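Hello,

Here is the structure I promised to hand over. Please open it alongside this message. My notes follow below.

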Amino acid sequence: MKSLIDQYSPQVHSNPISAAVYDPISGTKATADETGLVAVYRNNEPTPRSRFQSDDRINGALAITQGGDLIAFGDDAGTIQVYNIHRE
């Protein structure tokens, strides 16, 4: 069995992961790192469907709505961002 790092494209985050979230209904997963990079995966995709870059570090403030339509994250500067990630 592959490790989670090998399975979910280690080249996306070159810095330590600082937040992760999973929605079991849609199969959407998201990870964030210390540079503010957020990667969003659907189901078992090996590479992210979407990427977002915050201006500051994200430290645990990462959420996906039930059903996987929206993602929200906040950074250390106090900025909160919300995006529609629903795929057609």
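Rings of Phe, Tyr and Trp (for Trp, the six-membered ring) count as a pair if their centres lie within 6.5 Å; planes under 30 degrees apart make the pair stacked, over 60 edge-to-face, and the rest tilted. By this rule there are three aromatic pairs.

A word on the source. This is a predicted model, where local features need pLDDT of at least 70, side-chain atom pairs count only at pLDDT 80 or more, and totals for chains, interfaces and linings use all residues. Residues are numbered from 1 along each chain as its sequence is written, and side-chain values use heavy atoms, with hydrogens and water left out.

Aromatic pairs

Take Phe52 and Phe73. Their pair is tilted, at 6.2 Å centre to centre with 45° between the planes. It links distant parts of the chain: Phe52 sits in strand β4 and Phe73 in strand β6, 21 residues apart. Strands here are DSSP runs of E, at least two residues long, numbered from the N terminus.

Phe52 also pairs with Tyr83. This pair is stacked, because the ring centres are 4.3 Å apart and the planes are at 20°. Again distant parts of the chain are linked: Phe52 is in strand β4, Tyr83 is in strand β7, and 31 residues separate them. Phe52, Phe73 and Tyr83 form one aromatic cluster.

How exposed are these rings' residues? Buried means under 20% relative accessible area, exposed over 50%, and partly exposed in between (1.4 Å probe, protein chains only). Phe52 has 15% relative accessibility, so Phe52 counts as buried. Phe73 is buried too. Tyr83 is at 29% and therefore partly exposed.

The sheet

Three strands make an open sheet in the order β5-β6-β7, with antiparallel pairing. Two strands pair if DSSP finds at least two bridges between them. The edge strands are β5 (62-64) and β7 (80-84), each pairing on one side only. From one strand to the next, the twist averages 15°; axes are lines fitted to C-alpha atoms, and angles run from 0 to 180 degrees between N-to-C directions.

β5 pairs with strand β6 (residues 70-74) over three bridges, in the antiparallel sense. Within β6, Phe73 stands opposite Leu62.

Strand β4

Ser50 lies in strand β4 (residues 50-53). Its relative accessibility is 18%, so Ser50 counts as buried. Leaving aside neighbours within four places in sequence, Ser50 is in contact (heavy atoms within 4.5 Å) with Val38, Ala39 and Val40.

Best wishes

Conventions:
Helix = DSSP H or I, 4+ residues; strand = E, 2+ residues; numbered from the N terminus.
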